[in-house]
Amino acid sequence: MNKELVINAEEQEVKIALLEEGKLLELHREVFNKKFSVGDIYLGVVKKISYGLNAAIIDIGYSKGAFLHYNDLGFQIEKMLSLITQKKILFSQKGDRSSIEKILYPGQKILVQISKEPISNKGPKLTAKLCIPGRNLVLIPFSEKISISKKIKNTKEKSRLISCIKKIQPKEFGIIIRTAAYSKKEQVFKKELFFLRKKWKNILSNLIKLPPVRVLSESSKTSCLLRDTFNDDFKSIYCNNRFLCQEIHSYLSFIAPEKTSIIKHYRGDIPIFEKYGIEKQIQTSLGKNVPLANGAYLVIEHTEALHVIDVNSGMINHIKKNCTESERIDTILKINLLAATEIARQLRLRDMGGIIVVDFIDMSEPYQRKKLYEHLKEKMKNDRAKHQILPPNEFGLVQFTRHRVRAELKANHHDKKHQESPIVYIHHLEFILETLVKDKFHKGIQLHIHTFVAAYLKKGFPSIQHKWLFKYKKWIKIIPRDSFKYTEYQIFNKNKEVVSSKRN
């Protein structure tokens with residue numbers, strides 16, 4: 001599988017698109033100066049105990065209290081609290097750890113890590129089972145256990161890796177050996193452990209600060225994605241920001257120095273997401289109805305914790321009038337298999353979580369239902385989110401759960417209400433352009449505008465674009481933007497600086 005990473009750095013955020021064979025598979029957003037990201041570690045304060053839920057509400061500086069359940073305290077909680085208070089804390093008596101109020105109390109300081117970002121009206125979800133992830137290893141403070149990825153199947157390689165780690169394992173630290181560690185040498189692990197322990201020392205040095213305070217920030221979204229997913233399937237990394245290219249080059253030099261040549265700095269006038277067709281895929285893939293390659297489509301309905309997906313054949317030349325029963329059954333199976341492939345992609349792309357119920361087209365043959373189930377499991381295999389899939393039930397429904405750690409991704413649909421008249425809109429544009437072209441400091445003007453409007457301005461001869469040339473004696477370059485709404489525009493000068501804009 002050929003994979004590409006396309007990174008669009010804007011003023012306020014960075015958008016990262018992961019493509020597989022040219023098809024959008026994942027879309028991530030990183031807002032600058034954003035707090036409360038998954039993986040961040042905070043020194044918080046217990047705000048109150050929720051006895052009914054056996055949980056604590058922790059103040060980490062968010063407007064709403066963060067949620068820490070009893071099951072997320074971990075066996076190492078005694079050592080952690082002893083470290084923070086500089087006093088020996090023991091829960092030795094039987095029953096001392098039976099509930100959260102026996103361990104924590106309001107006003108107590110505690111180290112916590114964000115396991116789920118704030119979503120909707122809920123605060124962040126926390127865990128006290130701290131971990132500091134690297135490319136090949138994960139460092140677990142207050143533990144001494146060595147674990148290894150289940151994806152490493154080779155018994156000899158498992159034994160070799162565990163033997164390597166035992167030699168260099170620091171005292172009072174557990175280690176998880178990740179899949180990427182396969183066939184790596186001991187020297188690589190030593191180097192990585194040095195950096196991971198350095199991060200832990202930074203956390204310890206920050207414990208003197210007054211809580212609530214962030215004591216360790218997770219790496220940038222780009223670095224995290226490369227750390228967790230980068231492999232030989234990646235053929236290109238395109239980025240439109242020189243400094244971000246340098247950061248990626250620096251990180252790849254550390255984890256895969258032989259692959260730094262795949263980094264490309266994009267300098268084109270057409271926005272990078274437009275150039276590689278990502279905006280168009282976002283608009284077609286994130287709506288309520290998602291088309292499939294054979295004319296069938298998915299209907300996706302969302303609630304807070306439940307998502308329902310209906311597979312619809314579309315009835316467009318799929319089932320011929322005079323087809324046999326076996327042909328009809330075979331056609332339905334093909335539609336369901338294609339739908340299962342797209343559903344696996346949609347879950348990753350939208351980061352859908354909670355309970356998902358899929359209503360596939362009814363199949364009477366048990367072997368077909370089994371084939372569909374196995375196909376869906378295979379397509380979900382590369383999904384890094386925890387999930388569990390149940391076989392199709394007697395109603396033809398497939399149910400599964402998927403763990404979500406961020407807010408679900410949704411498309412920005414164009415609002416057709418309250419749009420101004422096209423003639424008024426064009427006159428408004430002409431007034432802005434005339435003002436700019438008269439200013440001798442603004443040269444090489446580019447007009448970025450919705451695709452339909454761009455087509456209208458370029459249509460025919462002489463087009464409106466040509467008329468502007470005759471009128472202003474300057475050529476105004478028009479760049480279509482799939483992501484813009486109908487009345488949005490941005491005007492850039494030759495230095496790619498925004499000189500005028502209207503964003504809804």
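Modeller: Rings of Phe, Tyr and Trp (its six-membered ring) pair if their centres lie within 6.5 Å. Please keep in mind that this is a predicted model.

Colleague: How many aromatic pairs does a search of the whole structure find?

Modeller: The search finds nine aromatic pairs. One of them joins Phe36 and Tyr62, whose ring centres are 5.1 Å apart. Planes over 60 degrees apart count as edge-to-face. The planes of Phe36 and Tyr62 stand at 75 degrees, so this pair is edge-to-face.

Colleague: Where do Phe36 and Tyr62 lie?

Modeller: Phe36 is in the loop between strand S3 (23-31) and strand S4 (41-50), while Tyr62 is in the loop between strand S5 (55-59) and strand S6 (66-69). The pair therefore ties together parts that are 26 residues apart in sequence. Phe36 is buried, with a relative accessible area of 10%, whereas Tyr62 is partly exposed at 25%. Ring pairs also link Phe36 and Tyr62 with Tyr42 in a cluster.

Colleague: What about Phe194 and Phe195?

Modeller: Their ring centres are 5.7 Å apart and their planes are at 75 degrees, so this pair is edge-to-face. Phe194 is exposed, at 54% relative accessibility, and Phe195 is partly exposed, at 39%.

Colleague: Which residue has its charged end over the ring of Phe243?

Modeller: That residue is Arg242, and its charged end sits 4.6 Å from the centre of the ring.

Colleague: Let us change topic. How many salt bridges are there?

Modeller: The count comes to 21 salt bridges. Among them is the one between Glu342 and Lys23, in which the closest N and O atoms are 3.5 Å apart. Glu342 belongs to helix H8 and Lys23 to strand S3, so the bridge ties together parts that are 319 residues apart in sequence.

Colleague: Is Glu342 buried or exposed?

Modeller: Glu342 is buried, with 6% relative accessibility.

Colleague: Now the open sheet. What is the order of its strands?

Modeller: The six strands run in the order S16-S17-S18-S19-S21-S20, with mixed pairing. Strand S16 (289-291) and strand S20 (387-389) each have a single partner strand, so one side of each is left without a neighbour in the sheet. From one strand to the next, the twist averages 20 degrees.

Colleague: How many bridges join S20 to strand S21?

Modeller: Three bridges join them, and the two strands run antiparallel. Ile389 stands opposite Phe400 in S21.

Colleague: Which helix packs on the sheet?

Modeller: Helix H8 (residues 325-350) does, touching S16, strand S17 (297-302), strand S18 (306-312), strand S19 (354-359) and S21. The direction of H8 makes about 40 degrees with that of S17.

Methods:
Residues are numbered from 1 along each chain as its sequence is written. This is a predicted model: local features need pLDDT of at least 70, side-chain atom pairs count only at pLDDT 80 or more; totals for chains, interfaces and linings use all residues. Side-chain values use heavy atoms; hydrogens and water are left out. Two strands pair if DSSP finds at least two bridges between them. Helices (H or I, at least four residues) and strands (E, at least two) are DSSP runs, numbered from the N terminus. Axes are lines fitted to C-alpha atoms, for helices over the stretch in contact, and angles run from 0 to 180 degrees between N-to-C directions. Contact means heavy atoms within 4.5 Å. Rings of Phe, Tyr and Trp (its six-membered ring) pair if their centres lie within 6.5 Å; planes under 30 degrees apart count as stacked, over 60 as edge-to-face and the rest as tilted. Buried means under 20% relative accessible area, exposed over 50%, partly exposed in between (1.4 Å probe, protein chains only). A charge sits over a ring if NZ of Lys or CZ of Arg is within 6 Å of the ring centre and within 35 degrees of the ring normal. A salt bridge is a side-chain nitrogen of Lys or Arg within 4 Å of a carboxyl oxygen of Asp or Glu.
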